[in-house]
Amino acid sequence: QVQLVESGGGLVQAGGSLRLSCAASGHIFSSCNMGWFRQAPGKEREFVGVISWSGGSTFLADSVKGRFTISRDNAKNAVYLEMNSLKPEDTAVYYCAADRRGYLASLSIQARDFGSWGQGTQVTVSS
């Protein structure tokens with residue numbers, strides 16, 4: 001099991017930037033693909049991006065492609081979401097999550113494949 005704690009959320013104007021961090025504890029972190037999801041009020045949880053256990057592969061949702069970057073530092077047990085050119089529609093609670101399927105699993109965009117979730121961090125983008 002991996003314990004996850006997100007940070008870095010806040011209030012930012014449209015066009016601004018934020019960097020979210022997710023600190024992980026647990027010895028299996030470096031073998032897990034890691035994902036970012038978000039949930040806006042009244043909406044279902046939405047996939048944002050995923051990064052492979054090695055950091056060598058990433059995949060981002062079309063809605064954030066070109067604006068967001070996902071990265072990780074296994075030495076620090078951390079994964080990051082760099083968000084640029086933020087839009088009001090990016091407002092949501094952002095969650096990081098660890099893929100539960102184990103080492104060498106393919107990248108997934110499905111929330112059901114992620115077994116450990118953080119508590120979330122609020123991102124609010126004002127127009």
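Let's start with a contact: the backbone oxygen of Ser 52 sits 2.9 Å from a polar atom of the Arg 72 side chain. Keep in mind that this is a predicted model, where local features need pLDDT of at least 70, side-chain atom pairs count only at pLDDT 80 or more, and totals for chains, interfaces and linings use all residues. Residues are numbered from 1 along each chain as its sequence is written, and side-chain values use heavy atoms, with hydrogens and water left out.

**Arg 72**

- You'll find Arg 72 in strand 7; strands (E, at least two residues) are DSSP runs, numbered from the N terminus.
- Arg 72 also makes a polar contact, side chain to side chain, with Asn 74 at 2.8 Å.
- A polar contact here is a pair of N or O atoms within 3.5 Å; within protein, one must be able to donate a hydrogen and the other to accept it, and residues adjacent in sequence count only if both atoms are side-chain atoms.
- Arg 72 is buried but has no salt bridge, and the nearest side chain of opposite charge, Asp 73, is 8.2 Å away.
- Buried means under 20% relative accessible area, exposed over 50%, and partly exposed in between (1.4 Å probe, protein chains only).
- A salt bridge needs a side-chain nitrogen of Lys or Arg within 4 Å of a carboxyl oxygen of Asp or Glu; for charge, Lys and Arg count as positive and Asp and Glu as negative, while His and the chain ends are not counted.

**Strand 8 and its partners**

- Strand 8 covers residues 78–83, and five of its six residues are buried.
- Strand 7 (residues 68–73) pairs with strand 8 in the antiparallel sense over six bridges, and Ile 70 stands opposite Leu 81 there.
- Strand 3 (residues 18–25) also pairs with strand 8 in the antiparallel sense, over six bridges, with Ala 23 opposite Ala 78.
- Two strands count as paired if DSSP finds at least two bridges between them.
- Strands 7 and 8 form a hairpin with four residues between them, and Asn 77 in the turn has a positive phi of about 55°.

**A surface patch**

- Phe 59, Leu 107 and Ile 109 form a nonpolar patch on the surface, with about 240 Å² of accessible area together.
- Patch residues have over 30% relative accessible area and no salt bridge, with nonpolar side chains (Val, Leu, Ile, Met, Phe, Trp, Tyr) joined within 5 Å and like charges within 9 Å; areas come from the Shrake-Rupley method with a 1.4 Å probe, and for residues only the protein chains shown count as cover.
- Ile 109 is in the loop between strand 9 (92–99) and strand 10 (114–117), and is partly exposed at 41% relative accessible area.
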